[in-house]
Amino acid sequence: MGGIFGVVSKKECVLDLFFGTDYHSHLGTRRAGMAMYGDRGFDRAIHNIQNSPFRTKFERDVSEFNGRIGIGCISDYEPQPLLIQSHLGSYAITTVCKINNIEELVNEAYNVGRTQFLEMSGSNINPTELVASLINQKDTIEEGIEYALERVDGSLTLLVMTDKGIYAGRDLYGRTPLIIGKKEEEAYCVAFESFSYLNLGYHDVKELGPGEIVYITEEGYEILRPARDTMKICTFLWIYYGYPTSTYEGINVEDMRYRCGEALARRDCVSPDIVAGVPDSGTAHAIGYANESGIPFARPFIKYTPTWPRSFMPTDQSQRNLIAKMKLIPVDKLIRGKSLLLIDDSIVRGTQLRETTEFLYNSGAGEVHIRPACPPLLHGCRFLNFSRSNSEYDLITRRIIREREGENVSDEVLAEYADPDSELYKEMIEEIRKQLNFTSLRFHRLDDMVQSVGIAKEKLCTYCWDKQGDCKNCASCGGCK
Ligand code: SF4
């Protein structure tokens with residue numbers, strides 16, 4: 001994933017940029033960057049944040065930067081923002097993107113002219129640089145951004161900063177959010193996360209719609225391209241990776257998670273001693289469950305946070321599992337002899353949740369009932385740079401379906417596995433329960449999840465559960481347009 005932040009001000013705004021970008025740190029663990037236009041022209045710093053958080057890494061840059069306009073990012077993949085010189089002038093660019101047709105677009109760029117790209121390690125091309133090359137194929141930045149949004153298969157939300165203002169463009173289908181904030185008489189900012197500017201004195205002004213492009217200066221903003229009708233905002237923003245204090249399309253994350261938990265509780269029939277959430281993303285769902293059911297919420301294991309910053313996240317899965325385990329400390333009194341109901345945001349491989357369950361049994365738990373806050377994940381995400389899985393067979397559901405059906409499973413059969421009222425679904429859930437050694441297992445239903453968000457299903461991407469939402473590659477659709 002990744003997050004972006006920009007600010008244009010009548011005054012020096014280095015600290016606004018620094019803290020505004022830092023508040024996106026939960027969206028990525030690898031790279032971060034800031035670019036400003038000040039006395040020395042364009043200035044930029046990029047650091048690796050894998051083993052040290054954003055604030056520590058950029059402390060020195062803050063004292064060296066100056067200016068009244070800047071953009072910043074947290075990136076899970078490529079180094080950015082990039083500084084570009086082209087026939088459109090000098091600009092800085094940062095993106096949140098996943099480009100599935102990167103090869104096609106690179107080859108097209110080679111054919112248009114003798115273009116060159118800098119090579120990143122691993123022989124890859126920096127996707128943000130490719131987006132800049134798409135923009136540069138047009139006569140104005142505005143036209144270029146519109147062209148880039150249209151050409152990318154996957155998703156693209158971006159900020160382009162000149163010496164005078166910031167162009168902001170939201171993904172064509174609004175898969176990732178972008179919102180403008182205002183500090184009275186002083187500045188405008190634009191952010192992925194709406195909470196990122198509240199403590200800096202800004203308030204919400206306007207959430208961009210799908211495909212909308214705006215130009216922001218210290219005086220205000222101008223709409224360059226209006227929002228489109230078709231929206232497929234990522235539902236996983238609310239379920240897992242959006243920050244609880246953020247609001248997308250008017251729906252707050254924490255509040256939505258309470259509704260998820262309440263819906264899970266209404267359909268349930270077990271009577272555990274306590275309800276708990278796998279920290280941190282399961283906690284709000286568990287509060288909702290506890291409030292609805294009347295069963296007490298408790299924390300039978302607690303994260304040891306002082307020396308385990310979230311940004312310390314190795315790429316190797318077994319090391320990640322070890323760290324996840326080392327972070328959790330049991331509270332014997334809340335576990336021994338107790339029946340626990342545990343809510344996690346989702347089940348991907350199941351490895352971590354199986355280990356957590358083992359850990360609870362070993363700590364004396366009598367029963368461990370598991371309630372994931374979303375339906376079984378059946379498809380890998382093809383729209384966001386989401387590091388949860390490399391192959392669909394990383395998903396426990398797909399491994400079980402492969403064991404039962406073989407390698408080539410049709411979309412119709414997968415749709416049956418996604419239907420919570422079908423026999424195939426029930427058998428798959430029972431198999432997951434057995435493999436992961438849970439006392440009982442019940443997933444959130446897709447219809448309940450959509451209702452918990454409170455937005456019409458046709459405006460949500462639900463691809464990872466039911467393969468709905470790939471508008472660009474959908475030949476037969478019509479209903480959601
Ligand atoms: S496939 Fe899933 S994670 Fe990806 S954009 Fe759609 S809802 Fe979000």
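Predicted model: local features only at pLDDT ≥ 70, side-chain atom pairs only at ≥ 80, totals over all residues.
How many bridges join strand β11 to strand β13? Four do, and the two strands run antiparallel.

Residues are numbered from 1 along each chain as its sequence is written, and side-chain values use heavy atoms, with hydrogens and water left out.

Take the whole protein next. Its secondary structure comes to 16 helices and 25 strands. These are DSSP runs numbered from the N terminus: helices are H or I with at least four residues, strands E with at least two. The C-alpha trace spans about 65 × 50 × 40 Å along its principal axes. The radius of gyration is 23 Å, which agrees with the value near 23 Å for a compact globule of 481 residues. That radius is taken over C-alpha atoms, and the globule rule is 2.2 Å times the number of residues to the power 0.38.

Of the 481 residues, 57% count as buried. Buried means under 20% relative accessible area, exposed over 50%, and partly exposed in between, with a 1.4 Å probe and protein chains only. Among contacts with a separation of 6 or more, 68% link residues 24 or more positions apart; a contact means heavy atoms within 4.5 Å. The protein has 55 positive and 68 negative side chains. Lys and Arg count as positive and Asp and Glu as negative, while His and the chain ends are not counted. The centres of the two sets lie 3 Å apart, with each charge placed at NZ of Lys, CZ of Arg, CG of Asp or CD of Glu.

Now back to β11, residues 179–183. Four of its five residues are buried. Two strands pair if DSSP finds at least two bridges between them. On the β13 side (residues 203–207), Lys182 stands opposite His203. Strand β12 (residues 187–191) is also antiparallel to β11, with five bridges. There, Gly181 has Cys189 as its bridge partner. β11 and β12 form a hairpin with three residues between the strands, and in this hairpin Glu185 takes a positive phi near 60°.

Strand β14 (residues 213–217) comes next. Five of its five residues are buried. Ile213, Tyr215 and Thr217 point one way, Val214 and Ile216 the other. Four bridges join β14 to β10 (residues 166–169), running antiparallel, and Ala168 has Val214 as its bridge partner. Five bridges join β14 to β15 (residues 220–225), again antiparallel. Ile213 stands opposite Arg225 of β15. β14 and β15 make a hairpin with two residues between them.

Turn to the helices. Six of the eight residues of α15 (residues 446–453) are buried, so this helix is largely enclosed by the rest of the structure. The buried residues are Leu446, Asp448, Met449, Val450, Ser452 and Val453. They pack against α6 (236–241), β18 (251–252), α7 (253–266), β25 (460–461) and α16 (463–466). Gly454 follows α15, with a positive phi near 90°.

Helix α13 (residues 411–418) contains Ala415. Ala415 is partly exposed, with a relative accessible area of 45%. The C-alpha atoms of Ala415 and Ile166 are separated by 43 Å, and the two residues are 249 apart along the chain.
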